Amino acid sequence: MTNNQIDERPLVSVIVITYNSSKFIEAGLNSITNQVYNNIEIIISDDCSTDNTVDICKQWEKQNSIKFERVKIIEAQKNTGVAGNLNRAIKASHGEWIKTLSGDDQFLPNTIKDYVEYINNVRCDIVFGRSLIVGDEESITEYYDKLYNHYIYPKLKRGIDQKRENLKSLLITSPGLFYSRKLYDKIGGYDERYQFCEEDPFLFKVYSHGYNIEFLDKIVYKYLVRPDSLGSIKHTNRLSRYQKDSIKFFFDIRRRALCREKFGILYAFDQTLLYNMLLAADRGDKYIYALYRILRLLSPIYIYSKIKTI
């Protein structure tokens with residue numbers, strides 16, 4: 001095959017990451033079995049679960065491994081977080097393309113087929129597809145539906161400056177992503193300094209290397225949102241591990257990059273106030289929280305966002 005030719009049925013590595021996923025993992029693995037696309041290898045990486053997730057995976061492997069090019073199970077000896085778990089599994093894989101699956105989520109039967117058909121028609125290295133949001137709590141599913149339809153999908157339309165828009169708020173999530181090994185290797189994989197917020201640093205590196213994300217306007221992922229999920233919204237002042245890592249990444253890297261964009265200083269100022277407010281609430285420091293909340297009322301970006309909703 002020459003450099004100008006495309007392998008129309010490339011090997012796809014499905015990267016399944018688990019941590020105490022015993023309630024959901026079998027359904028997720030069965031959703032891979034049900035794929036109409038058949039050139040797939042599966043790498044399951046468990047991040048030191050304390051339940052019987054690994055036993056379920058091993059039993060499933062015995063019954064289903066013959067249906068795939070390869071199935072490999074990796075057991076971590078200590079918990080390394082999402083970023084480390086992803087890197088560990090991807091480094092053990094061989095596919096030309098990579099699709100991740102969290103231990104509590106599922107694919108649709110056409111998931112891999114739809115992605116591969118898209119990349120065969122559109123020369124690109126990374127694609128984001130729609131997700132079907134499911135869950136038991138209506139308020140949470142409604143929140144995520146609104147987040148995706150009003151804030152995430154519109155940022156991926158052609159003609160938009162994706163780098164600038166996503167620097168303002170890195171909202172794109174892992175479930176919809178499908179990317180090439182070439183891209184993964186070029187950007188250096190996931191940044192393990194941010195163990196529980198893998199998307200923000202990964203996407204920052206994607207855009208920093210000059211990539212744009214293509215949008216596949218089909219539902220390709222069944223995304224389960226639960227109150228105890230890493231990135232789930234919680235009606236509490238305490239920050240999740242995901243939120244803490246996301247804020248840390250903002251102060252470490254994203255704020256400086258945002259300041260270099262047009263009007264970026266205003267967005268960086270607004271988010272600095274917001275994140276300091278959230279950190280104060282997490283510490284229980286009500287006076288500092290009140291101070292930052294008052295200061296944010298004076299932020300031009302905050303004022304503009306409120307005017308837009310009128």
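Does Tyr223 count as buried or exposed, and what is the relative accessibility behind that assignment? Tyr223 counts as buried, at 15% relative accessibility; buried means under 20% relative accessible area, exposed over 50% and partly exposed in between, with a 1.4 Å probe and protein chains only.

Good morning, colleagues. This is a predicted model, in which local features need pLDDT of at least 70 and side-chain atom pairs count only at pLDDT 80 or more, while totals for chains, interfaces and linings use all residues. Residues are numbered from 1 along each chain as its sequence is written, and side-chain values use heavy atoms, with hydrogens and water left out.

I turn to the aromatic rings. Across the whole structure, a search finds 19 aromatic pairs. Rings of Phe, Tyr and Trp (its six-membered ring) pair if their centres lie within 6.5 Å; planes under 30 degrees apart are stacked, over 60 edge-to-face, and the rest tilted.

One of these pairs is Trp97 with Phe178, stacked at 5.3 Å centre to centre and 5° between the planes. Because Trp97 belongs to strand E4 (residues 97-102) and Phe178 to strand E7 (residues 177-180), the pair ties together parts 81 residues apart in sequence. Strands here are DSSP runs of E, at least two residues, numbered from the N terminus. Trp97 and Phe178 are both buried.

Tyr223 returns in an edge-to-face pair with Tyr221, at 6.5 Å centre to centre and 70° between the planes. Tyr221 is buried too, with a relative accessible area of 1%. Ring pairs link both tyrosines into a cluster whose members include Phe107, Phe128 and Tyr153.

Note on methods:
Helix = DSSP H or I, 4+ residues; strand = E, 2+ residues; numbered from the N terminus.
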